[in-house]
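Work through the exercises below with the structure in view. Try each task before reading its solution.

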Amino acid sequence: MQNDARARAAQLGQLLLARQGWLATAESCTGGLLSGAVTAVPGSSGWFDQGWVTYSNMAKHAQLGVARETLDEFGAVSEEVARQMAAGVLAMAPRATLALTTTGIAGPGGGTANKPVGLVWFGFAQRAPSGVIVHATSQIFKGDRDAVREASVAFSLQFACNLLP
């Protein structure tokens, strides 16, 4: 694991601890690397609740409640799926206050003109007094499969740190 991901995970942990918050994750293209980065931080048991690796569409639907229609219409690598994954994490993890999700094409194959290799969608959901707030954003990372996955972890953690006030 890269040192920047470890540092970002530690920073996120400090932010969550200060807010008495809890993190939960759901990963597709990162296959557990995000949860791995988080649990590499000493003391993460005080702010990391749980995580899922929902690699298949069936797992996204069965474990997180992503609508089959959404998967059929937009595909697994889409804003809509990233958002539904994030909302589904908070629905399935009642203690969590923040959800991070990843879904993308790490390569080397699988890309198309509209969804190139390196495209990753990120979902972020937060519990707020007004209800659940969901954000999604995408990035296209360059490099091989490992580089795309590692960059995805670092980006997700940094974006989450920036989300917390």
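**Exercise 1. Find out how covered strand 3 is, and which way its residues point.**

Solution. Start with the range: strand 3 spans residues 98-104. Strands here are DSSP runs of E with at least two residues, helices are runs of H or I with at least four, and both are numbered from the N terminus. Next, check the cover: seven of the seven residues in strand 3 are buried. Buried means under 20% relative accessible area, exposed means over 50%, and partly exposed lies in between (1.4 Å probe, protein chains only). Now sort by direction. Leu98, Leu100, Thr102 and Gly104 point one way, while Ala99, Thr101 and Thr103 point the other way. In a regular strand, side chains alternate between the two faces of the sheet.

A note on the source: this is a predicted model, where local features need pLDDT of at least 70 and side-chain atom pairs count only at pLDDT 80 or more, while totals for chains, interfaces and linings use all residues. Residues are numbered from 1 along each chain as its sequence is written, and side-chain values use heavy atoms, leaving out hydrogens and water.

**Exercise 2. Identify the strands that are joined to strand 3 by bridges.**

Solution. Take strand 1 (residues 23-27): five bridges join it to strand 3, and the two run parallel. Two strands pair if DSSP finds at least two bridges between them. Thr25 has Leu100 as its bridge partner in strand 3. Then take strand 4 (residues 119-128): seven bridges join it to strand 3, and this pair runs antiparallel. Here Thr101 stands opposite Gly123.

**Exercise 3. Locate the one salt bridge and place its two ends.**

Solution. A salt bridge is a side-chain nitrogen of Lys or Arg within 4 Å of a carboxyl oxygen of Asp or Glu. The structure holds one. Asp49 forms it with Arg95, and the closest N and O atoms are 3.0 Å apart. The pair links distant parts of the chain, 46 residues apart: Asp49 is in strand 2 (residues 48-53), and Arg95 is in the loop between helix 5 (79-92) and strand 3. Asp49 has 23% relative accessibility, so it counts as partly exposed. Arg95 is partly exposed because its relative accessible area is 45%.

**Exercise 4. Find a cis peptide bond and a positive phi.**

Solution. Pro108 lies in the loop between strand 3 and strand 4. Now turn to Gln20, whose phi is positive, near 55 degrees. Gln20 sits in the loop between helix 1 (3-18) and strand 1. Gln20 counts as exposed because its relative accessibility is 70%.
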